[in-house]
Amino acid sequence: MGLGTQLKLPFIDFTNLDQNTKTNHWNLTKSQVHRALEEFGCFEATLSDIQPELHTSVFDSLQELFDLPLQTKLKNRSIKPFHGYLGQYPMVPLFESMGIDVAPNPDKAESFTKILWPEGNPKFSKTIQEIYEKLSKLDQMVRIMVLESLGLEKYMDEHMDSTNYLLRVMKYKGPETKDTKLGVDSHTDKNLVTILHQNEVDGLEVQTKSGDWIKVQLSPNSFVVMIGDSFYAWTNGRLHSPYHRVMMSGDNARYSIGLFSIPKAGYVVKAPQEVVDDEHPLIFKPFDHFEFLQFYYTEAGQRAPYALKAYCGV
Ligand SMILES: O=C(O)CCC(=O)C(=O)O
Ligand SMILES: [Fe+2]
């Protein structure tokens, strides 16, 4: 990278796009999405139709949630990986996170809320439900665009029905030192697509294929869309799954919210034959995502430079 060049993520405008009306705007956006995901595995999406009040109430709600006493936060338990309370790790002391099992019906957000506020907190559950609806719509548009771009429309229903959503919220304390401190170590996501949104404190960094780190700067109506290893595998490497990390500086806490589309347990992630040919030999054998995650948490999985390759690389 040349001196003085500030690397940036591709920027794509999703304002007023609708998956049910395939206009020129849709087709143009689709080719931008395809190019960005091939090259960076990631882009910044703007949704100017998002109400500024929603952004404010999401981050007020996250602050209220993480301000609860630790004993209360620990009540959010789950046997599923990444779904419960995570935090208090000596390697990443600034980081805390909670998973929220969400679904299109508002009851799920409400039952999560009841665990933490037995007396109820209607503003919190309404906010969570609203942001979940916006993020899941964006996830679906991106996945439809990817399948259309790769000529894989015939797999659309199977693909869209093969996933569940996890909404996860994160807090990274400001290190309150002059130095930059690690918020979350460099990793690739293991799911299909991740959509991230944050308060006004930046910190996310995404690595390019050539090894440079892009410092992501977001506005209140922009979102990061990122490909995870499962989509990299399903598209047989047509999309990139980027390494990323969070680096914190200054005094202020960064809050972020992520929607993760995850292959359902028992669904076998298998690249369609249309994306496998002499030029693109199969990269991964078919795998069950949950079994892969179990491997990922073993010592061998943690030690492997690239866990999915160690698990089922051809
Ligand atoms: O907080 C963020 O922006 C990134 C979090 C992240 O990379 C993850 O949860 O996988
Ligand atoms: Fe991540």
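Helices (at least four residues) and strands (at least two) are taken here as DSSP runs, numbered from the N terminus. Keep that in mind as we walk through this structure, which is a predicted model.

Gln-88 sits in the loop that links strand E3 (85-87) to strand E4 (95-100). Its phi is positive, about 60 degrees, even though Gln-88 is not a glycine. Is Gln-88 buried or exposed? It has 11 C-beta neighbours inside 10 Å, and the cut-off for exposed is 12 or fewer, so Gln-88 counts as exposed.

Further along the chain there's another residue to look at. Glu-176 lies in the loop between strand E5 (163-172) and strand E6 (181-187). Here too phi is positive in a residue other than glycine, with a value near 55 degrees. Glu-176 has 12 C-beta neighbours inside 10 Å and therefore counts as exposed.

Now for the helices. Two packed helices are described by the angle between their axes and the distance between the axes. Take helix H1 (residues 24-39) and helix H5 (residues 122-149): their axes come within 9 Å and cross at roughly 85 degrees. Angles of 65 to 115 degrees count as roughly perpendicular, so that is how H1 and H5 are placed relative to each other.

Which residues make the contact? On the H1 side they are Lys-30, Val-33, His-34 and Leu-37, and H5 brings in Val-142, Met-145, Val-146, Glu-148 and Ser-149.

Terms used:
Residues numbered from 1 in each chain as written. Chains lettered and ligands numbered in written order. Predicted model: local features only at pLDDT ≥ 70, side-chain atom pairs only at ≥ 80, totals over all residues. Buried ≥ 20, exposed ≤ 12 C-beta atoms within 10 Å, placed from the backbone. Axes fitted to C-alpha atoms, helices over the stretch in contact; angles between N-to-C directions. Parallel < 35°, antiparallel > 145°, perpendicular 65-115°, else oblique. Contact = placed C-beta atoms within 7 Å.
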